[in-house]
Each structure stands twice: as C-alpha cells, then as structure tokens.
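Trainee: I should like to learn how to read the helices of a protein model. May we work through one together?

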Amino acid sequence: MCDAGGYRALRGRSAGQLKGRPWAAAFEESSYEYGSTKYLLLCGLGGMLSCGLTHTAIVPLDLVKCRMQVDPSKYKGILSGFGVTLRDDGLSGLARGWAPTFLGYSMQGLFKFGLYEVFKIRYTELLGQKKAYEWRTGLYLAASASAEFFADVALAPMEAVKVRMQTQQGYARTLRAAAPKMYGEEGLWAFYKGVAPLWMRQIPYTMMKFACFERTVEALYKYVVPKPQSQCTKSEQLAVTFVAGYIAGVFCAVVSHPADSVVSVLNKEKGSTAFEVLRRLGFKGVWKGLFARIIMIGTLTALQWFIYDSVKVYFKLPRPPVPQAPKSRK
C-alpha cells in the first residue's frame with residue numbers, strides 16, 4: 001500500500017530509530033530502505049508493469065472508444081462499434097495500436113508512480129509530520145500532479161501514434177510504419193502537439209486517481225474492514241487495494257473524459273488545435289463514449305493499483321499503514 005500521509009519513516013531512518021513505533025515491524029521486514037534510490041526505482045518498475053500491461057490488455061475497448069469519439073455516426077455504441085470494427089478490419093483489427101500503447105504507457109507508469117513517491121516524500125519533508133497529516137489530501141493532489149506533468153511528456157509520442165493508427169483507416173498497421181510516416185509528414189511536432197490536451201486529461205485524472213485511492217483505502221480500513229490493517233493478511237490488503245482502485249477509477253473516468261475526447265480527435269486530424277476541436281465537439285460531443293471509458297478506467301485503475309501493490313509485496317518494499325494522527329495532535 002502507498003505510504004498514506006504520515007510518512008513516519010522518511011529516508012535515512014534505521015530500524016533502530018523506529019523502535020517503539022507501531023509501524024516499525026513493516027520496515028524491519030522490508031528488503032529496501034523507504035525512500036532509497038533502489039526503493040524508488042522498484043516503485044517505477046511497478047508503475048511500468050501496472051500501466052503497460054493493463055493498457056495493452058484493453059486495447060480493443062480503447063480502440064472502439066476512440067472511434068466512437070472521432071466518428072460517432074459510424075461507431076454509435078460499444079457493441080455496434082465492435083461489430084463495425086470486426087466487419088471492416090477483422091479480428092486482428094481489434095489489436096491495432098498495441099505496440100505504441102505498451103511502450104507509451106510503460107514509460108508513463110515509470111514516471112507516474114516513481115515520481116509520485118519522490119514528490120510525496122519531498123513535500124512531506126517540506127511540510128513536516130503534523131502538517132503532512134492534516135493536509136494529506138492536498139499533499140496527494142500536489143505530488144500526483146507534479147508526477148503526471150513529466151509522465152505525460154513521456155507518453156505523448158506513443159499516444160499520438162496509437163490514436164493515428166486506430167482512428168485513420170488505412171494510415172498504418174504497425175508502429176514501425178506509423179512513426180516514420182508521421183515524422184515525414186509533420187516533423188517532431190506530430191508527436192508532441194497533443195501534450196497540452198494530455199495534461200488537461202491526465203493531470204486531473206491522476207490527481208483523482210491517487211488522492212481518491214489513498215483516502216478510500218483509509219476509509220475502508222476505518223469503516224468497512226472489520227479488523228485493523230495490521231491484522232489483515234497480504235491477500236486481504238490487496239483486496240482492499242483492488243476495491244479502492246476501482247472506486248477511484250470511476251471518478252477518474254468522469255473527470256478526465258472531456259479532455260480525452262479532445263485528445264482523440266486532435267491526434268486524428270492534421271493542423272487542428274485543442275480549442276478548435278473543443279468548440280466543434282460542443283458539450284454533448286465531449287461526453288461521447290463515457291460509459292465505455294468508465295468500464296475501461298474503473299477496471300484499469302483497480303488492476304493498476306493491484307499490480308503496483310503486488311510488486312511492492314514481491315520485492316518486500318516498505319508498505320506503511322494508513323495515516324494516523326501524530327501523537328502531539330492526538
């Protein structure tokens with residue numbers, strides 16, 4: 001589980017310094033020091049696996065969702081969209097764009113989760129233990145927004161290639177064909193013209209994803225789980241992670257969907273700007289494909305947190321408990 005707010009064991013503290021604290025055992029059993037370079041790199045690895053694998057697994061749904069956004073007259077719904085895709089492109093057409101999806105979202109996951117841990121530690125050090133607990137929701141929001149800013153720069157090139165492959169019929173079937181073609185037509189700008197809309201979509205999404213997840217985990221252990229977190233098995237804790245991740249995912253989908261629609265249309269077309277696309281789509285148009293996105297993002301977010309937390313368990317990374325008020329505040 002992510003360290004949720006109190007961060008009582010910042011980098012540099014030894015197990016001896018943690019003696020007498022209720023979370024000390026979790027760190028003594030760990031293979032890596034909390035906040036160390038190896039710890040942060042393994043968090044990044046967990047992010048790569050969680051984002052790369054999950055986004056690749058749902059490429060067919062993502063493809064239909066993108067086509068519903070850019071051509072709603074032809075792709076009118078999820079089921080009919082799958083039917084039209086199968087008729088036009090065959091079964092293999094549902095996997096179009098899997099390579100840029102895997103590469104792009106693996107890089108995004110590396111920066112998203114790895115830098116989230118970095119910024120969370122740094123902002124906690126700046127605030128101090130008491131304020132970090134009292135302002136923990138704001139801390140989650142700030143750390144996740146900071147991390148996603150850099151994650152989107154890493155994602156933008158492959159996201160542009162993916163959308164072009166999925167939404168322009170006959171453009172290119174493979175990453176090796178699409179990327180050089182885009183560069184030849186529009187230069188380097190073709191891969192980064194969608195970075196600003198990506199920030200519009202992904203930063204609110206990630207802020208909701210991390211803050212909602214952290215606070216939902218806290219609420220589940222406080223109000224739903226019938227025993228303290230310290231008495232839960234690793235499997236039970238991973239189950240809480242999955243449930244909290246799905247709840248967070250539903251909110252993420254709603255918050256980020258309008259910008260997602262703009263990104264899909266923008267990367268399909270040449271020479272358009274985000275404001276032009278937004279004006280053309282209108283209020284109703286930006287919500288096309290929302291139900292598909294809720295299903296996709298809810299499942300995606302739950303699986304991402306589950307995989308990320310499983311990586312922490314596998315490598316025995318420090319997984320501190322949910323936040324508790326500092327003794328002075330109590």
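**Reading helix packing**

Mentor: Let us begin with handedness: H3 passes H13 in a left-handed crossing. The contact is formed by Leu61, Asp62 and Lys65 on the H3 side, and by Ala292, Arg293 and Met296 on the H13 side. By class, the residues of this contact comprise 3 nonpolar, no polar and 3 charged.

Trainee: At what angle do H3 and H13 pack, and how far apart are their axes?

Mentor: In general, two packed helices are described by the angle between their axes and the distance between the axes. Here, helix H3 (residues 59–70) and H13 pack at about 155 degrees, and their axes are 10 Å apart. An angle over 145 degrees counts as roughly antiparallel, so H3 is roughly antiparallel to H13.

Trainee: Before we proceed, how much confidence does the model carry, and where is confidence lowest and highest?

Mentor: This is a predicted model, and the protein has a mean pLDDT of 83, with 87% of its residues at 70 or more. Confidence is lowest in helix H1 (residues 24–28), where the mean is 40, and highest in helix H5 (residues 98–127), at 95. Across residues 1–28 the pLDDT is below 50, and this stretch has 75 contacts in the model beyond near neighbours in sequence.

Trainee: How does the reach of H5 agree with its number of residues?

Mentor: The idea is to compare an expected span with the one in the model. At 1.5 Å a residue, the 30 residues of H5 should span 44 Å; the end C-alpha atoms of H5 are 42 Å apart, which agrees. Just after H5, glycine 128 has a positive phi of about 90 degrees.

Trainee: What reach does helix H13 have from its first C-alpha to its last?

Mentor: Helix H13 (residues 290–314) has 25 residues and reaches 35 Å, close to the 36 Å expected at 1.5 Å a residue.

Trainee: How do the axes of H7 and H10 cross?

Mentor: The axes of helix H7 (residues 136–167) and helix H10 (residues 195–224) come within 7 Å and cross at roughly 140 degrees. H7 and H10 are therefore oblique to each other. H7 passes H10 in a right-handed crossing, and their contact has 14 nonpolar, 4 polar and 8 charged residues.

Terms used:
Residues are numbered from 1 along each chain as its sequence is written. This is a predicted model: local features need pLDDT of at least 70, side-chain atom pairs count only at pLDDT 80 or more; totals for chains, interfaces and linings use all residues. Side-chain values use heavy atoms; hydrogens and water are left out. pLDDT is the predictor's confidence in each residue, from 0 to 100. Helices (H or I, at least four residues) and strands (E, at least two) are DSSP runs, numbered from the N terminus. Contact means heavy atoms within 4.5 Å. The expected span of a helix is 1.5 Å times one less than its number of residues. Axes are lines fitted to C-alpha atoms, for helices over the stretch in contact, and angles run from 0 to 180 degrees between N-to-C directions. Angles under 35 degrees count as roughly parallel, over 145 as roughly antiparallel, 65 to 115 as roughly perpendicular and the rest as oblique. A crossing is left-handed if the near helix is turned anticlockwise from the far one by less than a right angle, and right-handed if clockwise. Ala, Val, Leu, Ile, Met, Phe, Trp, Tyr, Cys and Pro count as nonpolar, Asp, Glu, Lys and Arg as charged, and the others, Gly among them, as polar.
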